[in-house]
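Please look over the sequence and the structure shown here before reading on.

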Amino acid sequence: MFLSVAQSETESQEYLRTSQVAYRRGVNARREQEPETGRGLRIARVLWLAGYVLALCAVLVAAVQIDPPSRKNRFADAEASIVIGLVAGAVAVVLLVLLQMPPRLRPRTLPAAALSGWLIWALAAGLTGYRVLVRAGDARGFSDVMLEPLLGLQVVQLVLLGLLAGRLERRRRGALRDGDISARI
């Protein structure tokens, strides 16, 4: 009886060890299939991340231009807010279209990129939703004609940012499935 328990423990430990070795071989084989990380890939990563940060800032600036009346925007002119929002929105759309295919990012970068994208998306969606519901019916001084192009641009930004953040989230989850724990949030 004692011999069979010890033998089964030995067999289970051997099975565990061989499965871990096979898993490592599989991960290493996948890494070998991927292209090497050279100087060009590092430059592409830095440029893509810089563009991503600029796009997130542009989305945020465009969204804040249509926020509810408060102390911060009491003295802001409605026409100036619309112009700033349109320029920032156009920059955001161009950048988000260019950034739709990110390079192979490091797994430890993916959680921050995905989370920041979803946070900015939620904030911009909330402000856009407020402005769609209220339209020109508050003390900011907007007219419906002024808001139409900016709200359309906001919707396009939200769709593009949602697509990109979703793509980054799928890559983060894929890195987690591959066993890379640095992709945890």
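What share of the contacts in the protein with a separation of 6 or more is accounted for by residues 24 or more positions apart? The share is 85%.

## Overall architecture

The model is predicted. The protein contains five helices and zero strands, and its pattern along the sequence reads α-α-α-α-α. Among its 185 residues, 35% count as buried.

## The nonpolar cores

In soluble globular proteins, nonpolar side chains tend to be buried together. Here, the largest nonpolar core comprises 25 residues. Those with the most contacts inside this core are Trp48, Tyr52, Val59, Leu96, Leu99, Leu164 and Leu168. Two or more residues each are given to the core by helix 2 (39-64), helix 3 (78-98), helix 4 (110-134) and helix 5 (144-177). Helix 2 supplies the largest share, with seven residues.

Leu168 illustrates how parts of the sequence meet. With its neighbours within four places in sequence left aside, Leu168 is in contact with Trp48, Tyr52, Pro102, Leu105, Leu110, Ala113 and Ala114. Another core, of eight residues, lies apart from the largest one; Ala78, Ile82, Leu147 and Leu150 are among its members.

## The surface

The protein exposes about 11,500 Å², and carbon and sulfur atoms supply 65% of that area. A nonpolar patch on the surface is formed by Val83, Val87 and Val91, which together have about 250 Å² of accessible area. Of these residues, Val83 lies in helix 3.

Definitions and conventions. Residues are numbered from 1 along each chain as its sequence is written. This is a predicted model: local features need pLDDT of at least 70, side-chain atom pairs count only at pLDDT 80 or more; totals for chains, interfaces and linings use all residues. Side-chain values use heavy atoms; hydrogens and water are left out. A nonpolar core is a set of buried Ala, Val, Leu, Ile, Met, Phe, Trp, Tyr and Cys residues joined through side-chain atoms within 4.5 Å. Buried means under 20% relative accessible area, exposed over 50%, partly exposed in between (1.4 Å probe, protein chains only). Helices (H or I, at least four residues) and strands (E, at least two) are DSSP runs, numbered from the N terminus. Contact means heavy atoms within 4.5 Å. Patches are made of residues with over 30% relative accessible area and no salt bridge: like charges are joined within 9 Å, nonpolar side chains (Val, Leu, Ile, Met, Phe, Trp, Tyr) within 5 Å. Accessible areas come from the Shrake-Rupley method with a 1.4 Å probe; for residues, only the protein chains shown count as cover. A salt bridge is a side-chain nitrogen of Lys or Arg within 4 Å of a carboxyl oxygen of Asp or Glu.
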